[in-house]
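Please examine the sequence and the three-dimensional model shown here before reading the report.

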Amino acid sequence: MPDTASAATQEVGRRERYARPLFLATIVTGSFLLFLTQPLVARMALPRVGGAPAVWNSAMLVYQALLLGGYAYAHWVGRLRPRIQAGLHLGLFAVAALWLPIGLIDAVPPGDRSTAFWVPWFLIASIGPLFFIISAQAPLMQRWYALESSRGEPYALYAASNLGSFAGLICYPLVVEPLLTLEQQSELWTGGYALLVALVVGCALTTPAHTVEKKPERFSPPASRRRVLHWILLAAVPSGLMLSTTTHLTTDIVAIPLLWVLPLGLYLLSFVVAFASRRGPTEFIAQIAPLIILIAGGLAFADGSQRPIFSATLGLSLLFAIAVTLHGEMYRLRPEPDRLTGFYLSMSIGGVLGGAMVAILAPLVFDWAYEHPLLIIAAAFLLPQANFLRFIERIWEDRKLRRILTLSIPTIVFLVSLAGDRKFWPEVPYWATIAAPAFIGIVAVFSIGQRAVYAACLAALMMSYGGWSTLKLSFQDVRTRSYFGVYTVSTRPGGSARVLTHGTTVHGVQSLRPGTQTLPTSYYTSKSGVGLALTNAQPLYGAAARIGVIGLGTGTLACYRVPGQSWTFFEIDPAIVRIARDASRFTFLSGCAPDARIVLGDARLTLARQPVSSLDMLAVDAFSSDAVPMHLLTREALGVYARALQPKGLLLMHISNRYLDLKPVLAAGARAGGWHTRMLRYSPQIEEKLIEEAHPSVWVAMSRDPATLDRLVALTDPNGWETLQERPGFDGWSDDYSSIIPLLKGLTD
């Protein structure tokens with residue numbers, strides 16, 4: 001008997017020795033797969049849903065909702081006997097495997113429904129079961145780990161979970177996407193799924209024998225409703241702020257490719273720091289967070305496009321400081337391990353609520369990204385605060401004085417903030433625009449530790465840095481917000497021109513000088529590639545030329561129309577159609593082509609439904625801020641254009657871009673599709689910039705008939721057009737494979 005007992009003890013010891021590494025591997029693998037899924041599925045869906053920041057936010061909301069479902073399932077199943085838990089969990093793994101290999105259902109966006117609601121349904125139907133079962137790993141495996149009390153506290157495993165998530169997120173754009181096709185990525189994911197199932201089986205086998213058939217018991221008291229609500233709020237604000245920061249950075253500051261990775265990556269890393277066993281980093285960040293919020297959050301309304309790197313750095317630092325501090329507060333308020341799944345369920349509910357506010361509610365309610373400063377102010381209320389100067393704390397300890405200060409400070413700082421925003425109050429002296437925010441900042445530091453007063457000072461600081469003028473524009477009805485972004489129609493000082501911008505990118509300019517209202521401007525002037533081609537549409541294709549344009553914008557190109565021509569615009573955003581048709585804003589469309597046909601929907605899908613050879617010329621000018629939608633540049637997209645154009649038709653591609661060199665993409669696609677190419681780089685002279693509001697542009701003309709290109713060159717600028725050169729070793733983009741890494745100008749120039 002002693003030998004038997006000793007052998008059993010040794011067996012338990014060996015099993016426990018491998019338990020922690022096994023559970024770590026399982027949790028990390030599951031989280032890695034989850035965050036490999038997100039960009040992978042988004043990449044698969046790109047040809048059908050586009051690549052606007054709002055699409056990414058909708059996708060993130062779907063992932064958060066499925067995560068909530070997985071956490072709710074883990075919370076419920078944790079009440080069952082461990083043997084039943086394991087059997088049920090592995091059974092659901094088998095059911096979810098019916099959705100393998102990972103991919104998308106056969107569905108396209110209907111033209112009569114909102115994309116904001118169709119995208120979530122589409123993603124849930126495509127990957128819902130797989131994402132749901134994998135999302136349960138982090139809380140459920142921690143619950144299984146805690147079945148053996150000698151293993152220690154399981155919460156540190158959640159930090160490892162988010163480290164795995166971060167690794168999956170970073171690996172996709174840097175390693176997986178550049179090296180593998182979508183089919184190969186799907187196969188890789190399927191292999192990871194099989195590995196995860198094997199690891200879960202291993203975790204189940206480590207369940208202590210004395211608990212296998214024992215129903216789990218809870219010894220600690222349940223959390224109060226107030227505590228649960230606090231958990232939800234602490235999770236909701238960082239979740240919403242992560243999405244609002246993504247939108248803010250990629251549209252209002254700088255549309256750098258892959259920038260969306262950074263907010264999500266920092267959000268995940270905040271959990272790694274906040275849930276780590278070593279509390280030093282979290283406590284340090286929490287101490288300085290009120291100052292970071294004042295410095296970076298105070299600029300929430302400021303125009304960051306003039307100093308994009310500096311502004312982006314501040315925005316990302318703000319997100320990380322808030323996320324670490326609030327997640328650290330969640331960790332401090334965590335329950336005992338027997339209440340662990342309920343804690344994570346509350347966290348997931350908060351994540352969904354924060355995501356829903358930004359992805360669904362905000363575009364419906366606000367005409368600007370007001371959710372971003374509102375979330376920062378909410379964070380100010382939730383921060384654990386203590387003033388680092390003892391003499392200031394003593395001042396606030398006096399009840400009578402505290403009451404006076406609490407009532408007077410918010411009033412004073414908001415009045416002072418009016419002097420800080422010179423766009424709102426042009427008559428204010430320049431020195432006041434500097435003194436006002438400085439004064440508010442000093443008062444805000446004095447108010448640290450008094451949450452309501454501190455939050456009021458923060459709001460006033462925001463208003464002094466452009467908040468009042470931003471609100472003024474909302475009341476003037478010059479902004480339009482849709483699912484695809486925020487569009488601003490503004491008039492240049494002096495009334496020389498009217499401008500449409502999406503974030504930091506100009507999408508159209510109309511001159512308001514007498515006699516020039518119908519003059520094509522910006523990227524579309526008469527000397528640009530598209531201007532030269534459309535001006536010569538009649539010599540090329542006769543008086544009844546059939547012309548299509550992808551991307552309506554302000555309708556500038558419509559002013560190249562001449563009587564007898566048939567024009568069709570393909571536009572995805574109804575808000576843009578309303579702007580272009582509103583003659584009080586822009587008159588290109590109403591004045592030059594009032595009878596032009598406008599087709600709503602994603603251009604690839606709607607163009608594919610047009611009759612074969614129905615166009616003579618097609619101009620592709622679709623942008624999301626400064627980024628050309630990737631799915632409009634693939635070999636398959638060129639095939640759609642070839643189908644719509646007659647055999648001698650002319651395709652015009654706008655590839656002006658601040659960050660990507662798109663020439664190799666079109667050169668490789670042209671070779672694969674039998675196209676011939678010419679490119680025109682246009683750099684306007686000073687007088688052209690002044691009179692025609694001209695912008696530099698790069699247009700590529702493509703045709704499957706070389707004689708058509710020769711005629712275009714002969715009719716326009718024989719010396720200006722150049723042949724597009726291929727890049728050795730670059731095969732271009734397809735729906736199955738594409739990566740922007742080789743095209744980043746900093747890497748290729």
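The report below describes the model topic by topic.

## Basis of the model

This is a predicted model, in which local features need pLDDT of at least 70 and side-chain atom pairs count only at pLDDT 80 or more, while totals for chains, interfaces and linings use all residues. Residues are numbered from 1 along each chain as its sequence is written, and side-chain values use heavy atoms, with hydrogens and water left out.

## Domains

The protein chain is divided into domain 1 (12-209), domain 2 (224-384), domain 3 (390-473) and domain 4 (518-743). These bounds come from an automatic or database domain assignment. Between the C-alpha centres of domain 2 and domain 4 the separation is 40 Å.

## Nonpolar cores

A nonpolar core is a set of buried Ala, Val, Leu, Ile, Met, Phe, Trp, Tyr and Cys residues joined through side-chain atoms within 4.5 Å. Buried means under 20% relative accessible area, exposed means over 50%, and partly exposed lies in between, with a 1.4 Å probe and protein chains only.

The largest nonpolar core has 164 residues, and F275 and L650 have the most contacts inside it. Helix α1 (residues 2-49) gives the most to this core, with 11 residues. Helices (H or I, at least four residues) and strands (E, at least two) are DSSP runs, numbered from the N terminus.

## The disulfide and other cysteines

The structure holds one disulfide, the term being used for a pair of cysteine sulfur atoms within 2.5 Å. This bond joins C559 to C592, with an S to S distance of 2.1 Å. The torsion about the S-S bond of C559 and C592 is about 75°, so the disulfide is right-handed. C559 lies in the loop between β5 (546-550) and β6 (566-571), whereas C592 lies in helix α21 (residues 588-592), so the pair ties together parts that are 33 residues apart in sequence.

Both C559 and C592 are buried. Two further cysteines are also buried: C203 has a relative accessible area of 1%, and C457 has a relative accessibility of 0%.

## Cavities

A search of the whole structure finds four cavities of 30 Å³ or more. On a 1 Å grid over the protein atoms alone, a cavity is a set of points where a 1.4 Å probe fits but cannot get out, and lining residues have an atom within 4 Å of a point. Grid points are joined across faces, edges and corners, and a volume is the space filled by probe spheres set on the points.

The second largest cavity has a volume of about 370 Å³. It is lined by 29 residues, of which F35, L67, Y71, Y158 and L268 are the closest to its centre. At least two lining residues each are supplied by α1, α2 (53-77), α4 (115-135), α5 (137-145), α6, α9 (261-274) and α12 (340-365). The largest share of this lining, six residues, comes from α1.

L179 lies in helix α6 (residues 156-179) and is exposed, at 63% relative accessibility. Leaving aside neighbours within four places in sequence, L179 is in contact (heavy atoms within 4.5 Å) with Q184 and Y737. L179 and V365 are 186 residues apart in sequence, and their C-alpha atoms are 42 Å apart in space.

N536 is placed in the loop between α18 (529-535) and α19 (537-541). The residue N536 is buried, with a relative accessible area of 13%. Not counting residues up to four places away in sequence, N536 touches L715 and T716.

## Backbone features

Most residues other than glycine have a negative phi, and most peptide bonds are trans. A cis peptide bond joins L100 and P101, with omega about -10°; P101 lies in the loop between α3 (82-96) and α4.

S522 is not a glycine, yet has a positive phi of about 50°. S522 lies in the loop between β4 (505-511) and α18 and is buried, at a relative accessible area of 0%. S613, likewise not a glycine, has a positive phi of about 55°. The loop between α22 (603-608) and β8 (615-620) holds S613, which counts as partly exposed at 26% relative accessibility.

Conventions: On a 1 Å grid over the protein atoms alone, a cavity is a set of points where a 1.4 Å probe fits but cannot get out, and a pocket is an open set with protein on both sides within 12 Å along at least five of seven lines; lining residues have an atom within 4 Å of a point.
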